[in-house]
Amino acid sequence: MRVGIGLPSAIPARGPDLVVQWAQRAEAAGFSSLGVLDRVNYDAYEPLVSLAAAAAVTERIRLVTMVVIGPLHNTVLLARQAASLDALSGGRLTLGLGVGARLDDYEHAEIDHRGRGRRLTEQLARMRDHWEDGQVGPRPVTPGGPDLLVGGSSGPSLLRLARLADGYVHGGGPARSFAAAASKAKIAWEEVGRPGKPQLWAQAYFGLGDPAAGRSFLLDYYAFTGAFAERIAEENLETPERIVSFIRSYEEAGCEELVLLPTTADINEVDRLAAVALA
Amino acid sequence: MKIAVVGGGPAGLYFSLLVRQRGDHQVTVFERNPSGATYGWGVVFSEGTLTELQGADQRLARRFDQALMRWSTIRIHRGGRQTIVAGQPFAAISRRTLLHLLSESASEAGVDIRYSATFDPDEPYDLVVAADGVNSTLRLADASKFRPSEWIHPTRYIWLGLGRALPGFTFVFEPTAHGLFWVHAYPYEAQASTFIVETTEESWRRAGLDRASEAESLAFCRETFAGFLKGAELKSNRSLWLQFVTLRCRSWVREGGTPLVILGDAAHTAHFSIGSGTKLAMEDALVLAETLADSSDDLAVALTSYEAVRRPVVERFQEAALASADYFAHVADLEGLADATFAFNLITRSGRVNHLDVQRQDPSLVLATNGAVLAADPTPLPPALAPVTVGGVRFANRLVGGSLGMTMSPPISVIAEGRHGPITDVVVLTHDGPRSGGRPSQDGLDRPLRGGDLEALAASPLPYTRFHAPPREATEKDLAEVVEAFARAAKQWNGRARLLLVDGANGRLLASFLSPLTNQRTDAFGGTVAGRLRFPQSVVKAVRSTWEGALGFRFSATDWVLDGITLDDASAIATAVAADGVDLVEVSGGGAVADYDAPFRAGYLVPLASRIRNRTGVPVLVGGGITTIDQANTIIAAGRADLVRLS
């Protein structure tokens, strides 16, 4: 299983230089990918712009969105942005897409919340068409365009994944819930007659240097979930033992790439995590 | 904290007791009925639940232990014969005794229990716990917060009491002139058993029970089960015919105002046939009392944790209970199964128990079941690995795929490439129909090329997705050519495959005729299922005339969409193609239209396969997320399918 690290692009305490420094440090430490979150109604950098900045100062590390809220975007423009980033980074983009969990993101973007699932399904198909046909530029470096990841475990979400995406990205939680979701993703994939297998990705939060600061970030970021934010904060990975155990449990559950997302804007978190997770 | 508990049933009383033991709270229980007034007869617990309850309160557990009736067998009565299944330890207690023990313990712990009392929502409390049952007035008053949904089960049942203790959990299946009636019964006191009679709505109406009084219903049950009762007394206690309601709520906690939490039947129900309603309610009570003690400084966190801990467990049981309820709703289809197979099917109905588990619980039943598959004496040979003959062709085992099973080709188009492909055990022949003209499937399904395939055919000119051009409505001449193409392709595979499957599934050409969603024709090839079958049947007949091996037909027994193919349609399809020379059907699902809602869990097609196999007698192949030989053995030993496709 590969291990990636998140960029601190959604942590309000970051300074403007932190994202590029973080990206360089993460590549040097040997992480497999850099992940970014998407949230409109929050003090967070735009995910594809953040990855573009990271791409400019790195050479090898994969760039992954976890996940961009697709229906908030015009499909052709999003396809162009993703193709541009794929080309500029030398084919390093993996594009995770979702419908998002918050109604207010849609309200701020002035996009209808209804029909978002159907729109995401159509976006997957249309973006692939654009990338293959090259009628709107540029052509991505990756043949056929960047790999597409989606989440969700309802019947329609799994069907969307199996028919039109390249892999499944899990939203967080214990390894057994990942395993259950991954099993359904594989079954849907086989049942619709798609050749091969879905890629399996997952994510979790960590905070080694200052767990208290990490927890208060999570409580703030997830305040819209009410008391559930407490549970998300409690699940934050705060010790080396917890991180190693967590990585093992996901590896055993069949995960192929786990991206650990930071909860503080301390650049030393990169090396702290590397010492534990990449040892 | 000042806590109001509304409802003095098992969940409310048990919670009150435990929460009092774990903190210095002022706990008041409001019970609408007077003390000692109870309905119902007995309550079932598994050994696992009893151990859990014991850990929570040793003294109560000892009182429980004195009052429990325990057993370790399931006894299945059909046609005057009895099959005994060993290794099934369970226990039951009378509901009256359970409530007495709980209220006694709660009172001793300092809980204020008020009978014939109504809860006043205007009185100030720190927490209100709604344990007021499936018709919870507190939940109903705040339905927009809890967002309940109800599924009303189609079968009818009545709770009766039997004046003697049965030797174990007992099922009785009794065919009558009106249809099949069956009993779920278990002992709960030295001289008493719960005796629940259930049947389908149709049989219930045919027997005139929709108009029957309590006395007439009791007399009907006494007479129907006279052979089993042998004079033992059957009693009613204001017993009525009911329909079970599975209740789910999107939320179990109301924040804002006085915090309100629902538990037990107020929050969720699970069909009685897995006997876990009271067990789930009491486990809810235990977890809520513990999260309140663990997070005593933050009530909102305690309530959220309670829901987070309990919801996945409850949902798992609800899923098993739905599978079990579904089994009984269609158990009449299984009347043709041998006794051992029927018993094995019954105990594996909820999907929680497999062949290897039964092997540990009751080895002799597994030997008999294995033998029944082969129509032979008891044998240790597991059924998935036993040889089988299909359409005169002998196969070494009953598996398709996996390292041991037969090899199977992907669907091969009879137009483009029908005569090509490497030698295989099972070859699948298809015509893409409305799904023609797509890009390579590894890059996503059903993305038409620019311009698409202008020659794509379908039953009706309905585009497969919003991006497809409408296909051409197939003319009789088109259809004759396709029939000819199938027959030609099939002939090419003689000697190069042993089983040929005609693909009537996955929204391709034949499927577009079978599904009412995609066949809107008004000619002889549309309309009723017989009309929709006409073209697929002509393909099958033509293939049968040129193909020398075993012949199969793959089709979707459901579209997973409202107004799609019905189970009656699916059974008619299996019967019709079998009459045309098909030796086996593969039961598939979905795909007639691009968007549908299928439960993609392991074995999700098995219930459909079982219905079709046991309704029509046509041999069935089933797949769908089945990965282990143990699962395959379970499916075949239970008579749900004849062959299994492994993933």
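Colleague: Where does A:Pro138 lie?
Modeller: A:Pro138 is in the loop that runs between α5 (116-133) and β5 (147-150) of chain A. Keep in mind that this is a predicted model.

Colleague: And what is the peptide bond from A:Gly137 to A:Pro138, cis or trans?
Modeller: That bond is cis, and its omega is near -10°.

Colleague: What about the bond from A:Met66 to A:Val67, cis or trans?
Modeller: Also a cis peptide bond, with omega near 5°. A:Val67 belongs to strand β3 of chain A, residues 62-69.

Colleague: Staying with the backbone, what is phi of B:Trp560?
Modeller: Phi of B:Trp560 is near 55°, which is positive although the residue is not glycine. B:Trp560 sits in the chain B loop between β27 (550-556) and α18 (567-579).

Colleague: Is B:Trp560 buried or exposed?
Modeller: B:Trp560 counts as buried because there are 20 C-beta neighbours inside 10 Å. The cut-off for buried is 20 or more.

Colleague: Then B:Asp563, what is phi there?
Modeller: Near 70°, again a positive value in a residue other than glycine. B:Asp563 is placed in the loop between β27 and α18 of chain B.

Colleague: Buried or exposed, for B:Asp563?
Modeller: Exposed, because B:Asp563 has 9 other C-beta atoms within 10 Å.

Colleague: Change of topic, helix packing. At what angle do α2 and α3 of chain A pack?
Modeller: Helix α2 (residues 47-56) and helix α3 (residues 75-88) of chain A pack at about 10°, and their axes are 10 Å apart. The two helices, α2(A) and α3(A), are therefore roughly parallel. The crossing of α2(A) past α3(A) is left-handed.

Colleague: Which residues meet there, between α2(A) and α3(A)?
Modeller: From α2(A), A:Leu48, A:Leu51, A:Ala52 and A:Ala55; from α3(A), A:Gln81, A:Leu85 and A:Leu88. By class, that contact of α2(A) with α3(A) has 6 nonpolar residues, 1 polar and no charged.

Colleague: Now chain B. How far apart are the axes of α1 and α4?
Modeller: The axes are 9 Å apart, and helix α1 (residues 10-22) of chain B packs against helix α4 (residues 95-108) of chain B at about 25°. So α1(B) is roughly parallel to α4(B). Here α1(B) makes a left-handed crossing with α4(B).

Colleague: Which residues of α1(B) and α4(B) meet?
Modeller: On the α1(B) side, B:Pro10, B:Leu13, B:Tyr14, B:Ser16 and B:Leu17. They meet B:Leu98, B:Leu99, B:Leu102, B:Ser103, B:Ser105 and B:Ala106 of α4(B). The residues of this α1(B) and α4(B) contact are 8 nonpolar, 3 polar and no charged.

Colleague: Which residues touch the most other members of the largest nonpolar core?
Modeller: B:Phe15, B:Val129, B:Leu263, B:Ala285, B:Leu500 and B:Val585, out of 275 residues in that core. The element that gives the most to this core is helix α11 (residues 299-329) of chain B, with 11 residues.

Colleague: What does B:Phe15 touch?
Modeller: Leaving out residues up to four places away in sequence, B:Phe15 touches B:Val5, B:Val129, B:Ala131, B:Leu263, B:Ala285, B:Leu288 and B:Ala289. In soluble globular proteins, nonpolar side chains tend to be buried together.

Colleague: Last one, the two chains. How many residues of chain B are in contact with chain A?
Modeller: 29 residues of chain B, in contact with 28 residues of chain A. The chain B side of that contact has 11 nonpolar, 9 polar and 9 charged residues.

Technical notes. Residues are numbered from 1 along each chain as its sequence is written. Chains are lettered from A and ligands numbered from 1 in the order in which they are written. This is a predicted model: local features need pLDDT of at least 70, side-chain atom pairs count only at pLDDT 80 or more; totals for chains, interfaces and linings use all residues. A nonpolar core is a set of buried Ala, Val, Leu, Ile, Met, Phe, Trp, Tyr and Cys residues joined through C-beta atoms within 7 Å. A residue is buried if 20 or more other C-beta atoms lie within 10 Å of its own, exposed if 12 or fewer, and partly exposed in between; C-beta atoms are placed from the backbone. Helices (H or I, at least four residues) and strands (E, at least two) are DSSP runs, numbered from the N terminus. Two residues are in contact if their C-beta atoms, placed from the backbone, lie within 7 Å. Axes are lines fitted to C-alpha atoms, for helices over the stretch in contact, and angles run from 0 to 180 degrees between N-to-C directions. Angles under 35 degrees count as roughly parallel, over 145 as roughly antiparallel, 65 to 115 as roughly perpendicular and the rest as oblique. A crossing is left-handed if the near helix is turned anticlockwise from the far one by less than a right angle, and right-handed if clockwise. Ala, Val, Leu, Ile, Met, Phe, Trp, Tyr, Cys and Pro count as nonpolar, Asp, Glu, Lys and Arg as charged, and the others, Gly among them, as polar.
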